[in-house]
Amino acid sequence: QQCVNTVGSFLCRKIICRIGYRLQNDTCEDINECAVQSHTCQPSENCINTPGSFICQKKIICHPGYRLQNETCEDIDECTVGLHNCTLDTVCENTPGSFYCKIKRQCTQGFSLNPEGGCVDINECVTESHTCQPTEDCINTVGSFTCQKKLVCKQGYTLQDGN
């Protein structure tokens with residue numbers, strides 16, 4: 001009840017709040033059904049308080065590498081926001097839901113890039129990427145190779161000291 005003093009008397013009236021409201025200090029205040037757990041939302045839904053009521057909204061769960069933006073899952077650009085672990089000799093490249101580190105460095109001809117990012121000599125003789133003739137021996141050098149004519153001895157002779 002709410003009572004008002006009048007000259008020589010008083011008037012009282014009963015305050016009735018609408019559904020979803022409760023009387024608090026002579027005024028009707030919204031009941032937060034979400035906070036007091038009086039809602040009927042499912043565990044897969046979020047409770048959202050509204051004036052005098054509540055609504056249940058389906059929870060949207062995004063996979064790793066995505067974030068909720070305007071009720072949809074959008075890719076996180078880890079490269080732009082700095083959520084990558086690329087080293088200084090690599091460039092971060094965004095991919096859907098993830099990223100990869102692309103090696104900046106390129107090796108000169110005759111060398112290949114190893115997993116640690118260093119350049120190592122290619123043995124063209126072993127990889128058979130040389131241009132030596134069948135009558136020549138392939139000799140690997142740093143960053144290249146050379147072809148040396150095979151020394152063939154006549155029948156009955158053997159090679160000694162390159163002669």
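User: What makes Cys125 and Cys138 a disulfide?

Analyst: Their sulfur atoms are 1.9 Å apart. A disulfide is a pair of cysteine sulfur atoms within 2.5 Å, so Cys125 and Cys138 qualify. The pair connects distant parts of the chain: Cys125 sits in helix α2 (residues 124-127), Cys138 in strand β13 (residues 136-141), 13 residues apart. The torsion about the S-S bond is -75 degrees, and the link of Cys125 and Cys138 is left-handed.

User: Where do these values come from?

Analyst: This is a predicted model, where local features need pLDDT of at least 70, side-chain atom pairs count only at pLDDT 80 or more, and totals for chains, interfaces and linings use all residues. Residues are numbered from 1 along each chain as its sequence is written, and side-chain values use heavy atoms, with hydrogens and water left out.

User: Why does Cys138 count as partly exposed?

Analyst: Its relative accessibility is 23%. Buried means under 20% relative accessible area, exposed over 50%, and partly exposed in between (1.4 Å probe, protein chains only). The 23% of Cys138 falls in between, so Cys138 is partly exposed.

User: How many disulfides does the structure hold?

Analyst: It holds nine. Among them is the pair Cys79 and Cys92, with sulfur atoms 2.0 Å apart.

User: Why is the disulfide of Cys79 and Cys92 called left-handed?

Analyst: The torsion about its S-S bond is about -75 degrees, so the disulfide is left-handed. Cys79 lies in helix α1 (residues 78-81) and Cys92 in strand β9. They are distant parts of the chain, 13 residues apart. Cys92 has 18% relative accessibility, so it counts as buried.

User: What joins Cys132 to Cys147?

Analyst: A disulfide does, with 2.0 Å from S to S. Cys132 lies in the loop between α2 and β13, and Cys147 in strand β14 (residues 144-149), so the pair ties together parts that are 15 residues apart in sequence. This link is left-handed too, with -90 degrees about the S-S bond.

User: Does Cys132 count as buried or exposed?

Analyst: Buried, because its relative accessibility is 12%.

User: Why is Glu124 called buried?

Analyst: Its relative accessible area is 7%, so Glu124 is buried. Glu124 belongs to helix α2.

User: Which residues does Glu124 touch?

Analyst: Leaving out residues up to four places away in sequence, it touches Gly110, Ser129, His130, Cys138, Asn140, Gly143, Ser144 and Phe145. Contact means heavy atoms within 4.5 Å.

User: What makes Gly65 count as buried?

Analyst: Gly65 has 16% relative accessibility, so it counts as buried. It sits in the loop between β6 (53-58) and β7 (66-69). Not counting residues up to four places away in sequence, Gly65 touches Glu74, Asp75, Ile76, Glu78 and Gly97.

User: What separates Gly65 and Ser9?

Analyst: They are 56 residues apart along the chain. Their C-alpha atoms are separated by 71 Å.

How values were computed
Helices (H or I, at least four residues) and strands (E, at least two) are DSSP runs, numbered from the N terminus.
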